[in-house]
Amino acid sequence: DVDLRMGHVQTNPWVPGEIIYCHETTGDAPQRMWTVRSDGSDHRPLYVETPDEWVTHETVSGRDEVMFNLMGHLPYLREHPTGVAVINLRTRAMKLLGQMEEDMGQGRLGGFWHCNGSPDGRWAVADTFKGNVYLIRRDTGEQVLLTTDHKMRPDHTHPIFSPDGRRVLIQSGRRSDGKSLDLMTVEVPVLP
């Protein structure tokens, strides 16, 4: 029982009884990500954010980690590091994997928005405000455009890897010019 609106409730498929959830505000929460055991123990913020960070779209991406995004779509947010990040559930160590600088017009930069990790831990996948989907090589930060021009309305692409890591599932408004969404799978190329 918490005094906030819960959202994105997930269990860790590798660790029975481990739950991750967020303070859902449909905007910037003062403290977004939380973790708790199913018996109510070890209830704590997962990544303790600062007032000048906008944390969003957390997803369990491995036995001991959660992938999330530090938003960079507003100028004041770009005064600090932003992008796709991974936090270790055990040590609380955090690492940034990369950010996109996408021209949004009027001198504004967009960036990554939603993310997910491959089951083998080698790749992240992330979308941008313009509906482009990138693979990010976790060991080097190299970014590879996977697919493009998916209308980000009426919702977002929300890319997620298949259990075998060979495909990425997305929502796309490309075929209807954003009037409705289709589910699409995109093959992940064989990359070194």
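User: A salt bridge is a side-chain nitrogen of Lys or Arg within 4 Å of a carboxyl oxygen of Asp or Glu. What is the N to O distance where the side chains of Arg-78 and Glu-101 meet?

Analyst: This is a predicted model, in which local features need pLDDT of at least 70, side-chain atom pairs count only at pLDDT 80 or more, and totals for chains, interfaces and linings use all residues. Residues are numbered from 1 along each chain as its sequence is written, and side-chain values use heavy atoms, without hydrogens and water. Arg-78 and Glu-101 form a salt bridge, and its N to O distance is 3.8 Å.

User: How many residues apart are Arg-78 and Glu-101?

Analyst: Strands are DSSP runs (E, at least two residues), numbered from the N terminus. Arg-78 lies in the loop between E6 and E7, and Glu-101 in the loop between E8 and strand E9 (102–105). The pair thus links distant parts of the chain, with a separation of 23 residues.

User: Is Glu-101 buried or exposed?

Analyst: Buried means under 20% relative accessible area, exposed over 50%, and partly exposed in between (1.4 Å probe, protein chains only). Arg-78, at 24%, counts as partly exposed. Glu-101 has a relative accessible area of 60%, so this residue is exposed.

User: Which residues are linked with Glu-18 in a network of salt bridges?

Analyst: The closest N and O atoms of Asp-64 and Arg-90 are 2.9 Å apart, in a salt bridge. Asp-64 sits in the loop between E5 and E6, whereas Arg-90 sits in the loop between strand E7 (83–88) and E8. The network joins Glu-18 with Asp-64 and Arg-90.

Conventions:
Helices (H or I, at least four residues) and strands (E, at least two) are DSSP runs, numbered from the N terminus.
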